[in-house]
Amino acid sequence: MSQAIIQVERLGKEYILNHKGAESYTALRDIISSGVKSLFTKRRPQTNDTIELFRALQDVSFEINAGDRVGIIGRNGAGKSTLLKILSRITEPTQGRITITGRVASLLEVGTGFHPELSGRENIFLNGSILGMNRSEIQAKFDEIVAFSEVEKFLDTPVKRYSSGMYVRLAFAVAAHLEPEILIVDEVLAVGDAAFQKKCLGKMKDVAGQGRTILFVSHNMEAVQKLCTKGILLHQGKLIDQGPIDQVTQKYMEGGDTALAVYQIPLPKNPDDGYGYVTRVQIENEAGRPSTEIPVGANWQVRVFYKLNKPAPHFVAGLGIVTLFDFAVRTSWSKPADSRPGEYEALFVNNDLMLVTGQYKLVIGLSTQGRVIQYLDSTVSLSISEITALGGEERILNASSGLIINPMPVTIKNLK
Amino acid sequence: MDNRIVIEPGSKSKNYWSDLWKYRGLFYFLAWRDVLVRYKQTSIGIAWSVLRPLLTLAVMWFIGWLFGAAVPAGVPRVLMVCAATLPWQFFSGAFSEASNSLVANSNLLTKVYFPRLIIPASTVIVCLIDFFVSFIILIVLMAVCRFAPGWRICFLPVFLFIALVIAMGAGLLIAALNVKYRDFKYIVPFIVQFGVYVSPVAFSSDYIYGHVGIPASVKFIYSLNPMVGVIDGFRWCILGNSISIYRPGFILSIGLSFFFLILGIWYFRKMEKSFADVI
């Protein structure tokens with residue numbers, strides 16, 4: 001059934017920001033005298049105070065069909081949380097209209113309304129009812145919730161004595177057993193240890209498998225891509241893309257500040273004295289466009305621009321990939337060649353090594369006859385994003401364990 | 001489908017009251033939470049809800065005795081004061097907790113939707129339970145003084161209800177204001193502290209209304225205090241014949257309490273939608 005279950009038309013939300021004008025009092029004496037003056041004069045017009053309209057959301061329209069799993073992505077301040085708050089009826093829009101058909105449960109925080117003095121058992125009931133379950137529903141699910149949370153032993157202990165891990169597990173367990181038609185989830189997977197996060201994601205997938213509609217906000221792109229089928233991309237309060245999740249995450253990544261992927265290297269002290277120097281380094285995606293983040297599993301390349309002042313016999317340009325803990329992962333060199341003065345560009349293409357997600361340092365070196373011309377080791381960094389370029393089966397792999405995730409050929413034989 | 005929700009700016013939800021009924025489960029759980037939490041980690045627990053009014057009673061009795069406030073013939077002073085202390089204690093507790101309830105539950109306001117009216121309403125319930133427990137004091141005192149109440153005691157729930165109306169009305173108004181202006185956090189204790197002296201707790205209303213030296217305008221202002229009506233009503237129910245009610249003042253203060261409730265609900269509803277943004 002592909003009937004729109006959520007219909008958002010030209011939604012907007014404005015906040016009024018009051019800026020207190022800068023009053024540069026220099027001494028206490030001034031403060032007192034101006035205070036006394038204002039006693040006798042009428043209240044001064046507040047010329048220094050300005051009111052600014054902040055548009056958290058503007059002109060956002062989309063439709064969500066029953067059974068869709070929609071990831072809402074965007075950078076900080078894009079309006080994701082505001083959108084969820086409006087959809088959950090916590091705050092009111094200033095323009096537009098939303099029509100929702102079905103029972104909505106929103107999970108904007110893990111453990112909303114948990115009371116530290118109450119026991120685990122009591123908090124399950126309290127939190128359940130806050131999330132919109134009635135008493136009999138909670139009773140019916142109680143054992144399941146307790147089993148999922150793994151805190152059986154401490155059910156009658158006040159939650160203030162829980163470890164933070166137990167607290168989060170119990171809180172998520174309650175939330176995971178909600179059975180609304182539409183589930184709105186914000187950033188709640190960013191809690192707990194890796195194993196529990198996996199369990200949560202699994203549970204969310206189960207929920208989605210039962211034909212429920214899910215709206216999911218997370219900065220964990222890996223989770224978004226694993227869970228969602230569709231995506232909505234917000235940027236500064238405006239909807240800039242919607243469609244299949246891979247298309248939208250791709251767009252999200254391209255929307256990064258590409259200037260940050262281009263490193264202008266400052267000139268050395270006496271630029272004309274040495275053999276030469278690097279002028280610019282840029283990190284590019286497969287298509288050759290400067291890119292701050294590279295999807296995990298995708299190819300990438302580094303373009304190094306340099307200038308040679310004099311002939312450099314046996315010239316080599318080198319690139320090293322080093323983890324943040326200074327562990328060298330790979331080093332590559334150009335073929336030694338006798339180079340004449342001029343401006344050059346060296347292109348290093350990484351099309352075989354799949355690094356795990358995270359930050360890396362790139363080391364760039366120029367040398368002639370084994371002697372270093374220039375060595376840059378803390379200037380350029382590479383970021384492998386959680387957004388994945390891997391498809392199908394490989395996506396299931398955890399892209400953050402180990403260092404290299406190139407698959408190894410494996411054959412399995414049935415022996416008996 | 002029947003459960004269609006339309007979200008629009010400024011939309012007055014037509015089914016607000018039926019929504020409120022739908023969320024009665026949450027109301028129950030929040031009240032239950034407040035009851036459970038109230039005396040957690042105290043060594044004497046619920047005994048506090050007897051001890052607190054008892055101490056107030058002692059102080060008020062002493063003040064009345066010290067200033068020689070008149071007591072109707074045949075009525076022990078202690079019962080006179082007790083019949084006023086209990087509703088006053090209920091009102092002051094319910095009013096101050098309801099006023100503070102939204103800010104105290106701000107984590108709920110910003111994360112979950114429900115009719116916000118539930119929060120102050122559920123805190124009042126806790127104070128109601130405290131009231132019933134503290135009622136033991138009155139029963140014991142009556143037994144000690146060998147004072148039996150008459151048929152009028154049947155009307156006690158009516159006056160308790162009016163006290164609840166006042167506490168709710170004023171509580172809703174201040175709770176909504178408190179969301180934006182935290183000044184009310186400091187004003188509320190002052191109102192409560194001041195109120196106990198301008199309400200007939202240590203003395204009787206007869207003393208004010210019957211006093212020749214008090215100008216009529218002061219008597220009028222006195223009767224504007226809705227708690228005057230409630231306390232006079234409590235005394236009338238409990239102490240019987242010897243208590244007379246000054247009708248015009250009584251009607252005025254009862255009328256005002258309902259006016260406060262309507263005003264409170266109106267303002268609360270008006271501000272409700274912006275709570276999550278402002279708090």
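In what order do the four strands of the open sheet in chain A stand, and is the pairing parallel or antiparallel? In this predicted model, local features need pLDDT of at least 70 and side-chain atom pairs count only at pLDDT 80 or more, while totals for chains, interfaces and linings use all residues. Residues are numbered from 1 along each chain as its sequence is written, chains are lettered from A and ligands numbered from 1 in the order in which they are written, and side-chain values use heavy atoms, with hydrogens and water left out.

The order is β10-β11-β13-β17 of chain A, and the pairing is antiparallel. Strands here are DSSP runs of E with at least two residues, and helices are DSSP runs of H or I with at least four, both numbered from the N terminus; two strands pair if DSSP finds at least two bridges between them. The edges of the sheet are formed by β10 (262-264) and β17 (342-350) of chain A, each of which pairs on one side only. With direction ignored, neighbouring strands of this sheet are turned by 15° against each other on average. Nine bridges link strand β13 (residues 300-308) of chain A to β17(A) in the antiparallel sense, and within this pairing Trp300(A) has Asn350(A) of β17(A) as its bridge partner.

Strand β13 of chain A also holds Gln301(A). This residue is buried, with a relative accessible area of 9%; the classes are buried under 20% relative accessible area, exposed over 50% and partly exposed in between, computed with a 1.4 Å probe on protein chains only. A polar contact of 2.8 Å joins the side chain of Gln301(A) to that of Glu284(A). Such a contact is a pair of N or O atoms within 3.5 Å; within protein, one atom must be able to donate a hydrogen and the other to accept it, and residues adjacent in sequence count only if both atoms are side-chain atoms. When neighbours within four places in sequence are left aside, the contacts of Gln301(A) (heavy atoms within 4.5 Å) include Gln282(A), Ile283(A), Glu284(A), Leu347(A), Phe348(A) and Asn350(A).

A second open sheet of chain A contains six strands in the order β5-β6-β7-β3-β8-β9, with mixed pairing. Strands β5 (104-107) and β9 (238-244) of chain A stand at its edges with a single partner strand each, so one side of each is left without a neighbour in the sheet. Inside the sheet, strand β6 (residues 182-186) and strand β7 (residues 213-217) of chain A pair in the parallel sense over five bridges, and Val185(A) stands opposite Phe216(A) in β7(A). Helix α6 (residues 194-209) of chain A packs on the sheet, where it touches β3, β6 and β7 of chain A, and its direction makes about 145° with that of β7(A). Helix α2 (residues 80-87) of chain A lies across β3 (69-73), β6, β7 and β8 (230-235) of chain A and runs at about 145° to β6(A). Axes are lines fitted to C-alpha atoms, for helices over the stretch in contact, and angles run from 0 to 180 degrees between N-to-C directions.

Further pairings involve strand β19 (residues 371-388) of chain A. Strand β12 (residues 294-296) of chain A runs parallel to β19(A) and is joined to it by three bridges, with Ser385(A) as the bridge partner of Pro295(A). Strand β18 (residues 358-368) of chain A runs antiparallel to β19(A), and 10 bridges join the two; here Ile364(A) is partnered by Leu376(A). The hairpin of β18(A) and β19(A) has two residues between the strands, and Gln369(A) takes a positive phi near 50° in this hairpin.

Between the chains, strand β4 (residues 95-101) of chain A and β1(B) run antiparallel and are joined by four bridges, Thr99(A) having Val6(B) as its bridge partner. Strand β1 (residues 4-7) of chain B presents a covered face with Ile5(B) and Ile7(B), and an uncovered face with Arg4(B) and Val6(B).

In chain B, helix α6 (residues 118-144) and helix α7 (residues 156-180) pack at an angle of about 145°, with axes 11 Å apart. By class, their contact has 12 nonpolar, no polar and no charged residues; Ala, Val, Leu, Ile, Met, Phe, Trp, Tyr, Cys and Pro count as nonpolar, Asp, Glu, Lys and Arg as charged, and the others, Gly among them, as polar. The loop between α6 and α7 of chain B contains Arg146(B), a non-glycine residue with a positive phi of about 50°.
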